Amino acid sequence: MLLKAALAKAREKGAETEFIGLHEEDVEFCDGCCKCDTTGVCGIDDYMKEIITKILAADAIIFATPTYFGDVSGTMKNFLDRLNPAGIGRKMKGKKVCIIAVGAADPALVERSIETIKLFCKCQLMEVVATMKAKAYATGEVGEDKIREAERLGGLL
Ligand SMILES: Cc1cc2nc3c(=O)[nH]c(=O)nc-3n(C[C@H](O)[C@H](O)[C@H](O)COP(=O)(O)O)c2cc1C
């Protein structure tokens, strides 16, 4: 919900946007073959190839994740790992990033989800322009104030 609200505001301000729901996609695990370190291309032939093309064409990215046991979801972590080829040759340098993390409980634990994505962005020389946290257990539980905050975040891109 928060990511969609942020994207809607970015669109309103003239951006062309695309929502990618990672859990709906066929994305294999990074197996650490490190072929990308020499070839710049991932050794796994799956939907990530298409996502990387989209990411490299994008001026800005919003990463959004639930918090699972104090960190990003496994889906998000694998996604960041699989983005390694996109960063070879500093191809993601300077891209603007916003980060959204949601958790059901302790906000301090949600902070670590944000830090994990920030670390990825630092390695890739990407520019984190805004982050936000929200509390929710199930879909629909984020408050209107958080929807507004997500819109403000999307408006920054
Ligand atoms: C395996 C698992 C671990 C979780 N661990 C945490 C946690 O450490 N801290 C927290 O605040 N919420 C935790 N949650 C709750 C989710 O972050 C929360 O339900 C979130 O709103 C889910 O977002 P979604 O509906 O976008 O998937 C966990 C949920 C699951 C399924």
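Colleague: Which residues are exposed on the other side of helix 7?

Modeller: This is a predicted model, in which local features need pLDDT of at least 70 and side-chain atom pairs count only at pLDDT 80 or more, while totals for chains, interfaces and linings use all residues. Residues are numbered from 1 along each chain as its sequence is written. Helices (H or I, at least four residues) and strands (E, at least two) are DSSP runs numbered from the N terminus, and a residue is buried if 20 or more other C-beta atoms lie within 10 Å of its own, exposed if 12 or fewer, and partly exposed in between, with C-beta atoms placed from the backbone. On the other side of helix 7, the exposed residues are E144, D145 and R148.

Colleague: How wide is the arc that the buried residues of helix 7 cover around the axis?

Modeller: The buried residues of helix 7 are K146, E149, A150, L153 and G154. They lie on the same side of helix 7, because the arc they cover, taken from the directions from the helix axis to the C-beta atoms, is only 140°.

Colleague: What covers the buried residues of helix 7?

Modeller: Contact here requires that the C-beta atoms of two residues, placed from the backbone, lie within 7 Å. What covers the buried residues of helix 7 includes helix 1 (2-12), strand 3 (96-103) and strand 4 (127-135).

Colleague: Which strands stand at the edges of the sheet?

Modeller: Two strands pair if DSSP finds at least two bridges between them, and the open sheet of four strands has the order 2-1-3-4, with mixed pairing. Each edge strand has a single partner strand, so one side of each is left without a neighbour in the sheet, and these edge strands are strand 2 (71-72) and strand 4.

Colleague: In strand 3, which residue is the bridge partner of A64?

Modeller: Strand 1 and strand 3 run parallel and are joined by seven bridges. In strand 3, the bridge partner of A64 is I100.

Colleague: Which element gives the largest share of the shell around the ligand?

Modeller: A residue counts as near a molecule if its C-beta atom, placed from the backbone, lies within 6 Å of it, and 15 residues surround the ligand, with P66, Y68, G103, A104 and A105 the closest. The elements that give two or more residues to this shell are strand 1 (60-68), strand 3 and helix 6 (107-123). The largest share, three residues, comes from strand 1.
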